[in-house]
Amino acid sequence: MLWPLLLSLLWAGSLANNDYQLSVTSSVTVQEGLCVFVSCQVRYPTSSSSVFGLWYKDGSPQSPSILVATNNPSLLVQKETQDRFHLMGGPNSHNCSLEIRDAKRSDTHMYYFRVDDNQSVKYSFMQKKLSVHVSALTKTPHFQVIPNLVSGTSTQLVCSLPWACEQGTPPIFSWMSSALTSLGPRTTLSSELNLIPRPQDHGTNITCQVSFPGVGVTVERTEQLSVTYAPQKLTIRVFWGNDTEPEVLQSDSSLTIQEGESLHLVCEADSNPPAKLSWEPERRTHKHLQLSTKELQLQRVKLEDHGKYICQAQNNLGIQVISVSLSIKSLLQLLAPSCSWQAEGLLCSCSARAWPTPSLRWRLGEELLEGNSSNVSFRVTYSSTGLWANSNLSLSMEFSIGHRLSCEAWNDNGVQAATVLLLPDTQETSSGVVQGAIGGAGLMALLVVFLYLIFFIVKVFKKKSALKLEGNHPAKSTVSTINGSSMTSSRVLDHLSASASQDQKEQPPPAAVPHTLENEPELHYASLSFQGLKPRQPQNTEAIKSDYMEIKIRKC
């Protein structure tokens, strides 16, 4: 009798298991802060009352199971999962799908589903449990910066979360950038930024940061800005000679350099893309210069290199220029004055070369003659062309013995002077006119005595110099002194010869000096010009008392 009863109970249990069926995945994985949807279908016997679904966190012998989601409004779920775990189907529904929002690490666990109508339908699907695993959030926001932003041009950047779910707690967007920005419209899962880049923003970072307040996690994405802009902040670095420490110049600066020195200029500009740099002189006469690169090198500066130099920086967005003015200092080059007789009197000319263009003036004895001036006894004319200055002096007067005439040149860099000693002839001319002539026998005797004294002084000086001068100088060498400079007569001749050779290479603009008339009186004069010589200390200072110790006279 017991066996038939036992078989009938087993048969009833088998029928009951067939009436309860659950179709659900065994496990799901979701990243922290995101959502996951678990599809589920359930089958249970028909009931006359409402059948509710319930999702439980699986318990243990030590702790009971915890209700995390249900469609029975009269039941309370765990506070930790409230508003995050949602049973999608309603009462009497065969939909047991579960949606988990704002997933947390603590949600990692085993879950099972149960149906219950508080009467005959009561069943827990313990053999069909769901495993939920919540991992760390590794996804980052999506946004893409335009490869080449243009300075000053507004650009829109959108940061979005295509992998997030809209049902969760809305995320919080934050932008971090040094560029000029303002926020645009946003949605639940995106934010727009209006960006106005500047040149200084090139190479800086922009970051979109997203916080998930439901779970307390934050993710971000950083991109580097590439901003294109026209050339700016042009500078010129100056290297003097062999110096390694440059001087930095701004635009419209001026440089002063000595003729013959070396100069190295480097032009630099801030731009993206890099600008093409080139030098260009304001005066287009510098054919010897290499001007196609950012560097300008002058190995030996010449006077004609003076002027303004312009550096141009250019890319596809614009052009900028910077300039520097070069001023060349040059030692004065004074050509020895020359004189000749004209019908109206004595005509002398003097020339000098330098930069800045020198000024010229005459000194007759103690009288100063300069500029363009005249009176009954003299007339001065002055002119200048480029580096050259010329002055002509016309004299209509008688000269006494030893009358001294000087030509002086000067500019900002120095002063030079050359002296002519005018000596009248001792014979009358055929026309009867004697310039600086001896008026009588007494004056003639005085001249003879004067010349004899000069001869005697020179002879004594020669003897003293021969004993004290070092080196192998000729025994009859003499010393000439002009404006505090001294040299032996042999060196004077060498210097005059060199000056004549230089004058042939570079002649000043011609000064109008007519040829000597046939019947004009003979005027004896001599001139000495010292260019670029350094003063030499005389060895017998007591013997030198005048501008000339000895001078050789020639006829003109």
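Trainee: Which cysteine does a disulfide join to C159?
Mentor: Keeping in mind that this is a predicted model, the disulfide joins C159 to C208, with 1.9 Å from S to S. C159 lies in strand β13 and C208 in strand β17, so the bond ties together parts that are 49 residues apart in sequence.

Trainee: Are those two cysteines buried or exposed?
Mentor: C159 is buried, and C208 is buried as well. The torsion about their S-S bond is about -85°, so this disulfide is left-handed.

Trainee: How many disulfides turn up in the whole structure?
Mentor: A search of the whole structure finds 6 of them. If you number the bonded cysteines of the protein chain in sequence order, the pairing reads 1-5, 2-3, 4-6, 7-8, 9-10, 11-12.

Trainee: What does C311 pair with?
Mentor: C311 is joined to C267 by a disulfide with an S to S distance of 1.9 Å, and the torsion about that bond is about -90°, so it is left-handed. C267 lies in strand β22 (residues 263–272) and C311 in strand β25 (residues 307–315), so parts that are 44 residues apart in sequence are tied together. Both of these cysteines are buried.

Trainee: Changing topic, which residues touch the most other members in the largest nonpolar core?
Mentor: That core has 54 residues, and W55, F113, V115 and F212 are the ones that touch the most other members. Strand β17 (residues 205–212) gives the most to this core, with 4 residues. Apart from it lies another core, of 24 residues, and among them are I257, L263, C267 and W279.

Trainee: What does V115 touch, then?
Mentor: Not counting residues up to four places away in sequence, V115 touches Y20, V42, Y44, V51, F52, V121, K122, Y123 and F125. As general background, nonpolar side chains in soluble globular proteins tend to be buried together.

Trainee: Let's look at sheets; what is the strand order in the open sheet of 5 strands?
Mentor: The order is β27-β28-β33-β32-β31, and the pairing is antiparallel. At the edges stand β27 (333–342) and β31 (373–374), each with a single partner strand, so one side of each is left without a neighbour in the sheet. Within this sheet, 8 bridges join β28 (residues 345–353) to β33 (residues 388–395), and the bridge partner of C350 in β33 is S391.

Trainee: And which strands form the open sheet of 3?
Mentor: Those are β3, β8 and β7, in the order β3-β8-β7, again with antiparallel pairing. The edge strands are β3 (36–38) and β7 (85–87), each pairing on one side only, and the twist averages 15° from one strand to the next. β3 pairs with β8 (residues 98–100) over 3 bridges, and F37 stands opposite E99 in β8.

Trainee: Where is R84, and is this residue buried or exposed?
Mentor: R84 is in the loop between β6 (66–70) and β7, and it is buried, with a relative accessible area of 7%.

Trainee: What is R84 in contact with?
Mentor: Leaving aside neighbours within four places in sequence, R84 is in contact with E99, I100, R101, D102, A103, K104 and D107. The side chain of R84 also reaches the backbone oxygen of E80, at 3.1 Å.

Trainee: Last one: where is T46 found?
Mentor: T46 is in the loop between β4 (40–43) and β5 (52–57), and with 78% relative accessibility it counts as exposed. T46 and S120 are 74 residues apart in sequence, while in space they are 9.7 Å apart, C-alpha to C-alpha.

Conventions:
Residues are numbered from 1 along each chain as its sequence is written. This is a predicted model: local features need pLDDT of at least 70, side-chain atom pairs count only at pLDDT 80 or more; totals for chains, interfaces and linings use all residues. Side-chain values use heavy atoms; hydrogens and water are left out. Two strands pair if DSSP finds at least two bridges between them. Helices (H or I, at least four residues) and strands (E, at least two) are DSSP runs, numbered from the N terminus. Axes are lines fitted to C-alpha atoms, for helices over the stretch in contact, and angles run from 0 to 180 degrees between N-to-C directions. A nonpolar core is a set of buried Ala, Val, Leu, Ile, Met, Phe, Trp, Tyr and Cys residues joined through side-chain atoms within 4.5 Å. Buried means under 20% relative accessible area, exposed over 50%, partly exposed in between (1.4 Å probe, protein chains only). Contact means heavy atoms within 4.5 Å. A polar contact is a pair of N or O atoms within 3.5 Å; within protein, one must be able to donate a hydrogen and the other to accept it, and residues adjacent in sequence count only if both atoms are side-chain atoms. A disulfide is a pair of cysteine sulfur atoms within 2.5 Å.
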